[in-house]
Amino acid sequence: MDLGLLLGFIGTWLLIAWALIAGGEAQAYVDVPSVILVCGATTTVVIFCFPLPAVKRIFAVTKSVAFAKVQDPQKLIEDLVSYAEIARRDGILSLENVTKDIDDAFIVHGIQMAVDGVDPELIETIMESELENLTERHDAGKALFETVGKYAPAFGMIGTLIGLVVMLKNMDDPAKIGPGMAIALLTTLYGAVIANAVALPLADRMAKRSGEEVLAKTIIIKGVMAIQSGDNPRIVERKLRTFLPPNMRADSDAEKEAA
Amino acid sequence: MDLGLLLGFIGTWLLIAWALIAGGEAQAYVDVPSVILVCGATTTVVIFCFPLPAVKRIFAVTKSVAFAKVQDPQKLIEDLVSYAEIARRDGILSLENVTKDIDDAFIVHGIQMAVDGVDPELIETIMESELENLTERHDAGKALFETVGKYAPAFGMIGTLIGLVVMLKNMDDPAKIGPGMAIALLTTLYGAVIANAVALPLADRMAKRSGEEVLAKTIIIKGVMAIQSGDNPRIVERKLRTFLPPNMRADSDAEKEAA
Amino acid sequence: MDLGLLLGFIGTWLLIAWALIAGGEAQAYVDVPSVILVCGATTTVVIFCFPLPAVKRIFAVTKSVAFAKVQDPQKLIEDLVSYAEIARRDGILSLENVTKDIDDAFIVHGIQMAVDGVDPELIETIMESELENLTERHDAGKALFETVGKYAPAFGMIGTLIGLVVMLKNMDDPAKIGPGMAIALLTTLYGAVIANAVALPLADRMAKRSGEEVLAKTIIIKGVMAIQSGDNPRIVERKLRTFLPPNMRADSDAEKEAA
Amino acid sequence: MDLGLLLGFIGTWLLIAWALIAGGEAQAYVDVPSVILVCGATTTVVIFCFPLPAVKRIFAVTKSVAFAKVQDPQKLIEDLVSYAEIARRDGILSLENVTKDIDDAFIVHGIQMAVDGVDPELIETIMESELENLTERHDAGKALFETVGKYAPAFGMIGTLIGLVVMLKNMDDPAKIGPGMAIALLTTLYGAVIANAVALPLADRMAKRSGEEVLAKTIIIKGVMAIQSGDNPRIVERKLRTFLPPNMRADSDAEKEAA
Amino acid sequence: MDLGLLLGFIGTWLLIAWALIAGGEAQAYVDVPSVILVCGATTTVVIFCFPLPAVKRIFAVTKSVAFAKVQDPQKLIEDLVSYAEIARRDGILSLENVTKDIDDAFIVHGIQMAVDGVDPELIETIMESELENLTERHDAGKALFETVGKYAPAFGMIGTLIGLVVMLKNMDDPAKIGPGMAIALLTTLYGAVIANAVALPLADRMAKRSGEEVLAKTIIIKGVMAIQSGDNPRIVERKLRTFLPPNMRADSDAEKEAA
């Protein structure tokens with residue numbers, strides 16, 4: 001579960017909700033036809049722009065970005081090194097028992113193939129294909145949320161124009177102008193909130209998460225390949241550490257090696 | 001027929017129509033001079049910006065994007081492999097009978113050339129030239145719809161300014177302000193709807209469809225070339241699968257090969 | 001004469017003129033000081049941004065883009081092949097008589113140099129330098145019109161702000177607000193029309209025309225070089241056809257060669 | 001301490017404060033709920049967009065950009081050359097005493113490693129890793145402030161819409177319109193000030209400072225490497241001067257060498 | 001002195017001044033606090049964004065762009081060829097007398113170094129370093145004016161919001177609305193004028209001038225190098241002409257060589 005993302009999302013919405021309630025008239029902000037127009041038209045336009053399978057996949061991708069455990073690369077390296085130690089000490093087949101206790105399906109699949117004696121090149125190809133798959137889903141998710149962030153305010157504005165036209169046409173009673181305009185503005189508000197409190201931040205976050213997952217999965221692939229080839233655990237660790245970003249690497253191995 | 005595109009298009013317009021009718025005064029949104037100004041000026045500006053032949057071709061391209069059957073790459077590979085099997089078993093000339101049952105003109109043309117003994121290099125050149133042709137038409141279509149999406153709101157704003165000037169000039173009767181302003185805003189509404197519910201989504205969709213068609217046509221070209229050279233059907237399949245995006249490829253061949 | 005461009009330009013302006021007249025008060029849209037401010041300041045800012053020679057050349061470039069005959073590449077190739085046939089049959093000197101009947105100064109200059117026995121490399125250098133010249137002028141024209149399209153709306157807005165300030169300052173008589181605002185809005189209208197009905201479409205068109213002219217001139221250069229070297233007319237045609245975009249090429253030579 | 005940055009920051013805020021007070025009603029600009037909405041939602045959206053560790057690091061980075069001493073590259077080269085002279089005259093171990101008087105931790109760490117006889121390649125790797133680290137932190141800081149500069153005005157607009165809707169709904173008392181609208185506009189004002197007087201200039205400045213620090217640190221790395229290898233101080237100076245931008249270099253070494 | 005730039009600048013300001021006076025109330029546009037806010041905050045933000053030395057250098061760069069004589073490349077080549085003739089006829093030392101009559105310090109410095117027998121490679125390095133210096137100053141000037149063009153309208157909007165809030169708060173007297181709004185709008189007007197009539201055109205012009213100066217200085221460098229090496233003046237001319245843009249080159253050398 002990505003704490004920052006959830007905190008940020010919930011916090012943003014609590015603030016907006018508080019702002020709506022603070023005025024003492026929260027029900028003034030609810031207009032069902034406006035909600036249907038903005039949310040509906042944004043959805044149909046996304047279906048218009050994107051192939052259906054991409055649209056269907058979006059909930060799964062969003063859920064995985066929001067709830068998937070972010071793997072700590074340092075912890076990951078420690079785990080992979082410990083598997084390498086087991087493989088070296090007790091033979092690679094002994095990893096079969098270990099896989100039962102591993103949560104991450106990607107590591108399990110990799111180690112299982114190594115245990116089964118699948119050709120190393122094929123292991124690498126299969127795992128990299130799964131990784132490519134993942135980035136592609138993240139990229140498609142990002143593009144989809146950017147599209148939402150582009151069309152939601154546009155349909156918000158269209159809704160406001162539709163509301164303004166009728167209101168202005170019947171402007172003989174000035175007392176009605178205010179409430180009519182209030183309702184007309186709601187679609188603009190909905191569009192702005194959908195774009196800035198949901199779609200655009202999700203697109204930004206997905207791009208950053210993609211980078212984090214590619215790093216973790218790349219470390220796993222290199223780790224499984226090293227375990228499979230029976231490398232010395234110390235060498236496995238050194239190899240994997242080169243994938244860490246400099247600020248993580250500096251903490252640990254610089255001092256060790258300098259010693 | 002591209003279900004998503006049509007669903008998205010019809011859904012978007014139903015929602016807009018519903019929003020117009022829901023206010024109880026749908027006729028308030030119809031102003032023929034405003035329609036003529038926005039649609040007319042957008043059309044003439046597109047003719048201004050683009051060479052005439054490109055403008056003429058746009059309807060054909062749009063129709064083909066909206067109604068052409070999207071080819072499933074997996075089904076396509078199966079078909080091509082089955083043709084390769086026939087060619088290998090009964091000789092390449094036996095494909096002549098098969099072509100009668102194939103819908104796709106591109107495959108038929110390719111196989112026909114192979115059956116006619118046309119030089120392989122020439123087959124490839126001709127088929128790739130048709131593919132280039134197709135992408136070029138899609139690119140031109142995308143550019144044209146983006147131009148519509150840029151100028152329609154601009155002429156919407158120009159129409160609103162034209163309406164505002166006359167309305168403001170005669171503002172001695174305050175009761176007329178509302179209706180005058182309502183009509184002035186219509187062109188802005190029309191421009192925003194044309195851009196966001198037609199032109200820009202079509203441009204987005206065309207770019208994505210172009211990618212799908214390039215994939216299908218590339219698979220066909222490689223398939224015809226392999227059939228022509230008398231490759232083993234199993235090898236043909238393996239070659240063609242490398243063109244599948246990873247998420248399609250992973251389903252099938254990874255497991256097969258891993259077995 | 002580029003029919004599409006002129007149709008588009010005239011059509012756009014007829015529609016705008018019709019919209020102005022349709023309201024029954026066309027004179028409401030004419031305010032000489034506003035015209036002077038927007039057109040004047042846009043012109044002076046362009047002189048500010050661009051070196052004077054570039055500004056001076058712009059009328060010539062615009063006229064040539066609007067009125068120059070668009071050369072049909074297929075017709076051009078036929079002509080060049082026919083000259084190649086004459087040169088091969090009657091000797092290159094016999095082309096001297098032919099040049100009298102050719103309209104295009106670029107072809108005439110090229111053939112004349114070939115007839116005069118100018119060194120082939122030098123012919124190519126001179127012709128390519130003229131072509132570079134042409135693209136450079138088109139690029140400069142595009143940049144200049146984009147600058148107009150950027151500053152005209154900006155000075156339109158500045159004019160409106162200038163008008164609003166005086167109007168608001170004297171707002172003691174509410175009856176005057178309307179007409180004052182109407183005049184203030186005129187500069188915004190002028191700026192939007194200059195940008196969207198003249199400058200930006202011309203910039204777009206110039207970029208596209210540049211591409212068409214580069215194609216035609218490249219075919220001419222290659223054709224003159226082939227004529228000069230005494231190539232077989234059939235080979236000349238084949239060489240030149242490779243410069244056609246795929247959609248023109250596919251019509252003709254694919255079938256011919258496949259035959 | 002970066003004088004320009006602090007002067008610019010304080011000056012901008014003094015001017016804004018003066019503008020608020022000049023109207024005689026500074027308290028009109030303080031609305032606690034508006035401050036909470038704009039600042040709060042901008043903060044939560046940043047937490048939504050960025051991984052938590054990146055958000056936490058931002059204060060340290062900002063403080064270091066604002067208060068860190070900007071190193072003068074020319075002074076730096078003089079210092080490094082003087083250390084090279086000491087090392088050459090009295091042996092590299094004599095630098096141990098010198099390091100006590102050096103402020104810059106990066107130089108001290110580098111020289112200390114050289115004195116300790118750490119392998120030259122390792123010294124370079126460690127120092128470059130620290131430099132990479134620094135640029136990465138600056139880049140992340142720039143991206144974060146750009147995100148603030150994007151969402152602060154967006155939530156300012158959302159706040160204004162929220163205020164407008166309630167105000168318009170209760171528009172029966174025209175006397176209340178003004179004050180209600182005044183408060184509604186405050187969030188737009190806050191958003192614009194946060195973006196233009198804090199976030200966007202900080203993002204710009206961080207990019208420029210990053211360039212200055214990379215230059216200084218690169219000179220230090222090359223200097224330490226040259227000291228470690230016992231180069232002639234004159235050669236050290238010449239090597240380091242090549243890293244100076246041309247306008248600094250021209251002052252000094254051109255004349256010297258020309259002499 | 002760059003006639004176009006000055007004409008454009010003065011013309012733009014005369015038109016704006018005329019528009020302000022034409023309304024008969026030029027004093028309505030002068031509000032000292034608004035001037036201080038917009039100009040002041042734009043200046044302090046620029047000091048915030050840019051290192052102080054870059055800000056200081058900006059006046060010198062602007063003055064040099066506005067008043068420096070634009071060198072005609074054709075005239076420059078003629079001059080350099082005549083120096084080459086003198087050097088070839090009377091020996092390179094005879095150029096010492098010539099340099100007294102040359103205005104351009106860059107040519108004088110180059111020839112002086114050649115006369116003094118400075119190593120050719122060093123001459124080239126020094127001159128290119130001065131050229132790099134120049135482009136760098138122009139680039140920094142362009143970036144600085146673009147920053148002004150970005151923040152001036154932003155602080156104009158902030159000023160208008162500040163004015164609106166106070167005005168709306170005290171809206172009990174409707175007669176005051178007009179004048180209050182007029183003053184509030186002034187900062188938006190100032191910001192738009194600073195951006196569109198000063199900063200953005202200067203940024204555009206600086207980029208174009210940079211290109212012109214790089215051309216002139218490159219010709220001078222190549223010319224001095226050729227003079228120094230004692231090349232035949234005819235060869236010097238031919239070499240230098242290759243640096244002319246095609247439209248200048250075509251006039252002259254094509255015909256000459258074709259002859």
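Predicted model: local features only at pLDDT ≥ 70, side-chain atom pairs only at ≥ 80, totals over all residues.
**Notebook: chains A, B, C and E**

I started with the contact between chain B and chain C, which takes 35 residues from chain B and 43 residues from chain C.

**Entry: area at the B–C contact**

I looked up how much surface goes into this pairing. Chain B and chain C bury about 3500 Å² between them, and 73% of that area is on carbon and sulfur atoms. Which three residues of chain B supply more than any other three? I found B:F48, B:I162 and B:V165, which together give 20% of the area that chain B buries against chain C.

**Entry: charges and polar pairs**

Next I went through the charged pairs. The rule finds one salt bridge across the interface of chain B and chain C. It joins B:K150 to C:D204, with the closest N and O atoms 3.7 Å apart.

**Entry: which helices of chain B take part**

I then asked which elements give two or more residues to the side of chain B that touches chain C. They are helix 2 (32-49), helix 3 (52-67) and helix 7 (120-169) of chain B. Helix 7 has the largest share, with 19 residues. I sorted that side of chain B by class too: 25 residues are nonpolar, five are polar and five are charged.

**Entry: pairs that stay apart**

No contact joins chain A and chain E, and their closest C-alpha atoms lie 17 Å apart. Chain B and chain E do not touch either; for them the nearest C-alpha atoms are 17 Å apart.

I looked up how chain E goes onto chain C. A turn of 72 degrees with a shift of 0.0 Å along the axis does it, and the RMSD is 0.1 Å. The two copies are thus related as by a five-fold rotation axis.

**Entry: chain A by itself**

Last, I took a single chain. Is chain A spread out or compact? Its radius of gyration is 26 Å, well over the 18 Å that the globule rule gives for 259 residues, so chain A is more spread out than a compact globule. I also noted the span of its C-alpha trace along the principal axes: about 90 × 40 × 30 Å.

Terms used
Residues numbered from 1 in each chain as written. Chains lettered and ligands numbered in written order. Heavy atoms only, no water. Least-squares fit on C-alpha atoms with pLDDT ≥ 70 in both. Contact = heavy atoms within 4.5 Å. Buried area = accessible area lost by both parts, 1.4 Å probe. Salt bridge = Lys/Arg side-chain N within 4 Å of Asp/Glu carboxyl O. Helix = DSSP H or I, 4+ residues; strand = E, 2+ residues; numbered from the N terminus. Nonpolar A, V, L, I, M, F, W, Y, C, P; charged D, E, K, R; others polar. Rg over C-alpha atoms; globule rule 2.2 N^0.38 Å.
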